[in-house]
Amino acid sequence: MKVLVVGGSGFIGSTLCRELKGRGHEVTALSRSPSSEDLPKGVNKVMGNVADYDSIKGAFEGMDAVYNLVALSPLFKPSGGDEMHDKVHRQGTEHVVRAAEKHEVGHLVQMSALGADPDGPTAYIRSKGEAEEIVTESVLDYTIVRPSVVFGDGGEFVSFTKLLAPPYVSALPGGGKTRFQPIWVGDLVPMLADAIEDEKHVGQIYEIGGPDKLTLAEIARLIHESDGRSTTIVPVPMGLAKIGLSIGDLVPGFPMGKDQYRSLQFDNVTDDNDLDAFGVSVGELTTLKAYLNGHSGGGRETATATAE
């Protein structure tokens with residue numbers, strides 16, 4: 001198949017391009033600044049920005065399948081404010097769908113998020129929900145994948161946790177009781193690739209999570225233990241955390257704000273993990289602990305990144 005990966009040079013995108021190329025597909029990566037360093041040999045590179053329809057429309061011509069992976073991180077306040085979630089996720093998806101429909105693309109795989117809801121509590125969740133509506137109301141064959149937080153080399157989840165919960169003493173909102181279901185990028189990407197190779201995935205919305213449901217406090221302890229350190233969790237009342245992160249919205253360059261406070265008020269876990277749709281069992285997945293200890297075959301996260 002001829003496959004276009006929108007956001008192909010990002011954290012998940014570059015890994016997906018490698019997987020698709022290895023399966024024999026003809027792969028093109030579209031991003032704002034595609035680089036050979038991020039992509040395997042033989043992957044075509046196209047420059048474009050989903051916020052600008054004219055810059056991306058030509059890349060869709062002749063494609064059998066398209067992945068829309070472009071995303072801003074929910075973990076940090078975006079440069080330009082929370083309205084950027086609408087610009088990148090909703091409007092960006094609008095442009096991707098428009099281009100895919102124009103060129104009669106056979107299948108669109110949309111990367112969404114757990115809890116995506118047009119009426120959700122954060123700008124990120126709302127924009128992801130609105131993007132899903134655009135996809136489901138289109139004429140395209142589609143598959144929507146809603147993962148929990150994704151970790152792996154080049155990801156940002158571990159570094160974000162270290163920022164929020166430093167070693168030795170970590171003051172966490174609500175004591176770090178918010179639960180996550182982290183999934184390793186090396187486990188997620190084969191499922192994304194499978195989505196275009198079997199018609200049974202058309203019209204489906206899948207929630208995907210890792211093998212463990214962990215609180216933020218548990219995740220912080222695992223991360224620091226893997227570095228040979230310990231940490232004591234000091235609970236911060238949610239009301240006080242709200243005040244602190246609300247002030248953060250007013251401080252230029254401060255990485256978190258009210259939306260990050262709101263996101264810590266609800267869990268990021270699946271109701272029903274849809275692994276079986278891809279013939280995968282929980283026991284096959286890499287745990288965060290195994291990854292941190294270098295047992296995943298993927299090493300350790302080394303940098304922060306988002307899909308582009």
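Colleague: Hi! How many aromatic pairs does the structure hold?

Modeller: Hello! There are 3 aromatic pairs in this predicted model.

Colleague: Take Phe157 and Phe180, then. How far apart are the ring centres, and why is the pair called tilted?

Modeller: The centres of the Phe157 and Phe180 rings are 5.8 Å apart, and the planes meet at 55°. Planes under 30 degrees apart would count as stacked and those over 60 as edge-to-face, so this pair goes down as tilted.

Colleague: Where in the chain do those two sit?

Modeller: Phe157 belongs to helix 5, residues 157-164, while Phe180 is in strand 9, residues 179-180. They are 23 residues apart, and the pair links distant parts of the chain.

Colleague: And is Phe157 buried or exposed? What about Phe180, buried or exposed?

Modeller: Phe157 is buried, at a relative accessible area of 1%. Phe180 is buried too, with 8% relative accessibility.

Colleague: Nice. What is the geometry of Tyr206 and Phe278?

Modeller: That pair is edge-to-face, because the ring planes are at 65°, and the cut-off for that class is over 60. The ring centres of Tyr206 and Phe278 lie 4.9 Å apart.

Colleague: Which parts of the chain does that pair tie together?

Modeller: Tyr206 is in strand 11 (residues 204-208), and Phe278 is in the loop between helix 9 (258-263) and helix 10 (288-292). The pair therefore ties together parts 72 residues apart in sequence.

Colleague: What relative accessible area does Tyr206 have, and what is the value for Phe278?

Modeller: Tyr206 has 7% and Phe278 has 11%. Both values are under 20%, so both residues count as buried.

Colleague: Switching topic: what sits over the ring of Tyr53?

Modeller: That would be the charged end of Arg98, placed 3.7 Å from the centre of the Tyr53 ring.

Colleague: Now the backbone. What is phi of Glu104 near, and where is Glu104 found?

Modeller: Phi of Glu104 is near 55°, a positive value in a residue that is not glycine. Glu104 is in the loop between helix 3 (83-102) and strand 5 (107-111), and it is exposed, with a relative accessible area of 69%.

Colleague: What about phi of Tyr168?

Modeller: Tyr168 is not a glycine either, yet its phi is positive, about 75°. Tyr168 is in strand 8, residues 168-173, and counts as exposed at 52% relative accessibility.

Definitions and conventions
Residues are numbered from 1 along each chain as its sequence is written. This is a predicted model: local features need pLDDT of at least 70, side-chain atom pairs count only at pLDDT 80 or more; totals for chains, interfaces and linings use all residues. Side-chain values use heavy atoms; hydrogens and water are left out. Rings of Phe, Tyr and Trp (its six-membered ring) pair if their centres lie within 6.5 Å; planes under 30 degrees apart count as stacked, over 60 as edge-to-face and the rest as tilted. Helices (H or I, at least four residues) and strands (E, at least two) are DSSP runs, numbered from the N terminus. Buried means under 20% relative accessible area, exposed over 50%, partly exposed in between (1.4 Å probe, protein chains only). A charge sits over a ring if NZ of Lys or CZ of Arg is within 6 Å of the ring centre and within 35 degrees of the ring normal.
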